[in-house]
Amino acid sequence: MTPSTLDILPTPLEYSALSPEELVERIQRRKAELNAVILGHNYQRVEIQEVSDYLGDSLGLSQEAAETDADVIVFCGVHFMAETAKVLSPDKTVLMPDLRAGCPMADFVTGSALRRLKEQHPDAAVVAYVNSTAEVKALSDVCCTSSNAVQVVESIPRERPIIFVPDRNLAKYVQEQTGRDNIIAWDGYCYVHDDMVLEELDRARKAHPEAKVVVHPEARQDLLAQADFVTSTSGMVALAEEHDSLIIGTERGLVDRLNQRFPEKTFVPLSGAAICGNMKLNTLAKLAWCLDHRAYEVVLEEEVRAGAEKALRAMLDLSGGWRPATPEEEKLELAGVQPKGCGCA
Ligand code: SF4
């Protein structure tokens, strides 16, 4: 359904002059008119999380959205995440509130640069972390998440070289876990996680000696080696339910969300500087504007969409498809026995 044009304002700037209550009211009204769902990534601002229908990491969100009968998906995250939603829901309209919300890690590798590397290593299989553009996914054999990367790499014959894009930290972790010496790692990284350092961890530990430390797998190896738990954002949420005190090594948005949800517990960021500015580009005003104007729409060429879907489905086939984890599986993940989830992505 087309939204009524009566009170549509021209730019997000005009919306930012409205009160938060009015913005929320507009968002709810337009959402109902358009039969839309709002997906909010774990790293979004708290006020965006509060109006989201689903919260989580990008692949889980995209899969949840594909299951709904919504006509419109509004993805409050970064560009590659909205692309993933479009890949899995080709018949739905996918919108994002700010087109500039990209992911610097995903942008480390372009389609043309990957094509050149593939020409230099024609026998190599290409594994793309889900934090990559649809174009890069379409040029890849299989996708992976931070939790199933080891399993995905191990499914490839040992003698076959692997081009792994774009996260060098995850590539290094996989290399250590599998003992393979034929992984050609792209030199990309997530600045939010790569910038966290041991000195910050030591300071946080001194201030909160009772707290367990949980770190996201996009961080550097020296930090992962010091952590009590290494897990995705979804895994961190589950850990927060079980522990009273945690030092959390990931983006601040998740720590804010956990503090809001568990005000009686102590959750502190490993690094106060761990803020993804790209994720924070989305605001309530832009979200209201986006719904009123049905913009910005994410459009993919069918060849790219289908290629990206093939690489994503190859990953899902390897990891037994997707469905919500049972409580027992959540426990196994926390124990490090059976990891799932996909971190930022
Ligand atoms: S937190 Fe890192 S990986 Fe996630 S969107 Fe921001 S830059 Fe990209």
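Two strands are said to pair if DSSP finds at least two bridges between them, and this meaning of pairing is used in the legends below, which show close-up views of a predicted model.

**View 1. Strand S1 and its two partners, strands S3 and S2.** Strand S1, residues 36-41, pairs with strand S3, residues 72-76, in the parallel sense over five bridges, and within this pair Leu 39 stands opposite Phe 75 of S3. S1 is also joined by three bridges to strand S2, residues 54-56, which runs parallel to S1, and here the bridge partner of His 41 in S2 is Gly 56. Together with helix H3, residues 46-51, the strands S1 and S2 make a right-handed β-α-β unit.

**View 2. The two sides of strand S1.** In a regular strand the side chains alternate between the two faces of the sheet. In S1, Ala 36, Ile 38 and Gly 40 point one way, whereas Val 37, Leu 39 and His 41 point the other way, and all of these residues are buried. The strand as a whole is described as mostly covered, with six of its six residues buried.

**View 3. Helix H5, enclosed by the structure around it.** Helix H5 spans residues 79-88, and because 10 of its 10 residues are buried, the helix is largely enclosed by the rest of the structure. The buried residues of H5 include His 79, Glu 83 and Lys 86 as well as Phe 80, Met 81, Val 87 and Leu 88.

**View 4. The loop residue Leu 18.** Leu 18 is found in the loop between helix H1, residues 12-16, and helix H2, residues 20-34. A residue is called buried if 20 or more other C-beta atoms lie within 10 Å of its own, and exposed if 12 or fewer do; Leu 18 has 16 C-beta neighbours inside 10 Å, and therefore counts as partly exposed.

**View 5. An open sheet of four parallel strands.** The strands of this open sheet follow the order S10-S9-S11-S12, and their pairing is parallel. Strand S10, residues 229-230, and strand S12, residues 266-269, stand at the edges with a single partner strand each, so one side of each is left without a neighbour in the sheet. Four bridges join strand S9, residues 212-215, to strand S11, residues 245-249, and the bridge partner of Val 213 in S11 is Ile 247. S11 also pairs with S12 in the parallel sense over four bridges, with Ile 248 standing opposite Pro 269 of S12.

View 6. Seven of the 10 residues of H14 are buried, so that the helix is mostly covered, and among the buried ones are Gly 235, Met 236, Val 237 and Leu 239.

**View 7. The contact between domain 2 and domain 3.** The protein is divided into domain 1 (12-103 + 280-300), domain 2 (105-189 + 305-324) and domain 3 (192-276 + 328-334). The centres of domain 2 and domain 3, taken over C-alpha atoms, are separated by 26 Å. The contact takes eight residues from domain 2 and seven residues from domain 3, and on the side of domain 2 that touches domain 3 the residues divide into three nonpolar, three polar and two charged.

Terms used. Residues numbered from 1 in each chain as written. Predicted model: local features only at pLDDT ≥ 70, side-chain atom pairs only at ≥ 80, totals over all residues. Domains from an automatic or database assignment. Contact = placed C-beta atoms within 7 Å. Nonpolar A, V, L, I, M, F, W, Y, C, P; charged D, E, K, R; others polar. Right-handed = clockwise from strand over helix to strand, strands pointing away.
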